[in-house]
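Let's walk through this model together, starting inside one chain and then moving to where two chains meet.

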Amino acid sequence: MIRALQTAMGRSPIGDPLDTLSDKPLAVRGLTVSYGDKPAVFSLDMTVEDGSMTAIIGPNGAGKSTTLKAVLGIVPRLSGVVSVFGQPLAKSRPRIAYVPQRASVDWDFPTRVIDVVLMGLSRELGLLRPVRESHRQRASDCLERVGMRDFAERQIGQLSGGQQQRVFLARALAQDADLYLLDEPFAGVDAATERAIIDVLKGLRSEGRTVVAVHHDLSTVRDYFDHVMMINVHKVAEGPVAEAFSEENLQRAYGGRLAANLMNQLQLGGH
Amino acid sequence: MLIDAVTLQLGYNATLVAIGAALLGIAAGASGTFLFLRKRALVSDAISHATLPGVGLAFLVMTAFGGDGRHLVGLLIGASLTAAFGLWIMHGLTRHTRLAEDAAIGAVLSVFFGFGVVLLTVIQTVSVGRPAGLEDFLLGATAGMLYQDAVLIAVAGALAVLVVWALCRPMTLVAFDAGFAAAAGVNVRRVDLAMMGLVLAVTIIGLKVVGLVLIVALLIIPPVTARFWTNRSDRVVVIAGLFGGLSGFVGAAISATAPSLPTGPIIVLTAFVLFAVSMLFAPGRGVLAAWMRHRRQQRRIHLRQGLLAIAQDLPIYERYTLQLLVRAGLARADGVPTELGRRRAEKACRDESRWAVARRMHSHESAVSRYDGLLPIEDVLTRDEIREIDRQIADVGGECA
């Protein structure tokens, strides 16, 4: 219905016409999410280029994670349209992989590493299809890509924070998707894990897949990503890192007081 | 007497009750596992208390239409209706207000139970129909259990187990990571609804045997007990079913040995005994095993510290350390190391130096991450790697940490 209306009008309510974006991995128009009375994300437009690696950055409480969750339909949208590879979410889900925040689950849950990765195959396995050796092999290969094959039989409660994050990434790899959405994949992980994760993500990009990650460490944005989406409830800036990741935009997103500290941080970590 | 009961020699009715209770226990343990894993165990308590007004209302309706007010199936249908209504209200409270689920549980549980008690009291005072036995739904009473009651429990229990089997995968996925499940296209609300339906069904068929006050125990205790024995959710389901079945069977048998022993409480106490034994003695997660692991770790660390002190000619400050060294034949009571003690101290010192060098070498990063102060370096590095480390120690000169 919304779609028909847009076609009739030739434009989405706000921003570019959605139809011209139909081949984009992810196009969001006018996305608003509200917890209670206060909008967490307000009328957000976002376009993710094919084969790009995009960082969603912004201060705490800016609605970064909420944006991802709303795109995936995990939290309800108040308004807005989302199209993934030109199709509504319901049709494009098999092409999306999602890595939630590590802290969002209970790691004392009774399950093994390999079983978590097998959850990435749940669409294929359905309700009752038995888990075959070929499935296990694929799960094991995904663990290999994050350097954790030897941990397959471990209880997940025995893993370090970095290892937990790698298992989550392996589960997303098992989903074999075209669009990877990651929520703070580098939060609280050790240096070796950070390198392992970025290697995997860059590998995904070189295979032509698209990566979008909520990111909190401004000092690595230039090294890790080619596009950036800066938000603070509203969209602040969007585009290639070289253009959009500017001091002026950071100041608008993080506010003047904080921005000074952040710029110092960037000078230390940047090049 | 007890042996007779457990071996089903107390007669027809006791046997019937024991089998019925065992089937109920299996269904409750298996379904309860997912409530437990989803961390919503207490929802079942609200569901069970919300059955009571249904029992009263069904009695009134059946009596008003001139039937027998105590017809079991009719009473259970009434119970399911008000329980489902209570569940719906609870869901609405958490969804549309800022109330947390625990507050909603408290509100629904107490209001529905209160209303139920009032209804039953009124029914008894004005003595419509023949209400004797309605209060048995509170704590369960199996003395008058009929063959068709047992069949009802058996069929419904088997259905519940079948549903658990069919929905095991999505329920596990939602319990572990609801966000991921939703993103992958699983309808989380529908899975939760199915889980609640399952619990509701088990509660209803358990009313007659265990009673509404204690059915929650049969849903929660077996999975919690099973968790002590395994780290895999699929096995928690099976073991919880077994423990639940065992509690139901043994508890019902025990209560059959004396006429005044209430079935429900005895079943719950049996389940508790299994829980207590598991908590204390289960390998891995049990209290005793954890304590022994802790003590062993403490001994090894004291020994290691003692050896490093010897290697560096430092005094040994802690009595416990010295005791351990003496007991292992590594030192004399006055703190002077024995020949064996010196050799072992030298080895400990060499290990520490090797670890210190390994920490500086990036190539050994993953091995170093496993260092815990006790792990022999030979376990994580190959001989040629250690030779290379020793060469560096010879160059720079190493020292104990």
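## A pair of neighbouring strands

Asp183(A) stands opposite Val214(A), which sits in strand 7 of chain A. In this predicted model, strand 6 (residues 179-183) and strand 7 (residues 210-214) of chain A pair in the parallel sense over five bridges. Two strands count as paired if DSSP finds at least two bridges between them. Strands (E, at least two residues) and helices (H or I, at least four residues) are DSSP runs, numbered from the N terminus.

## The sheet and its helices

## Where chain A meets chain B

The contact (heavy atoms within 4.5 Å) takes 33 residues from chain A and 26 residues from chain B. Together the two chains bury about 2,400 Å², 61% of it on carbon and sulfur atoms. Buried area is the accessible area (1.4 Å probe) lost when the two parts are put together, summed over both. Phe109(A), Pro110(A) and Leu127(A) supply 26% of the area that chain A buries against chain B, more than any other three residues.

The rule finds four salt bridges across this interface, counting a side-chain nitrogen of Lys or Arg within 4 Å of a carboxyl oxygen of Asp or Glu. Arg285(B) forms a salt bridge with Asp108(A), their closest N and O atoms being 3.0 Å apart. Helix 4 (113-118), helix 5 (122-125), helix 7 (161-174) and helix 8 (191-206) of chain A each supply at least two residues of the side that touches chain B. Helix 5 of chain A gives the most, with three residues.

## Reading notes

Residues are numbered from 1 along each chain as its sequence is written, and chains are lettered from A and ligands numbered from 1 in the order in which they are written. Local features need pLDDT of at least 70, side-chain atom pairs count only at pLDDT 80 or more, and totals for chains, interfaces and linings use all residues, while side-chain values use heavy atoms, with hydrogens and water left out.
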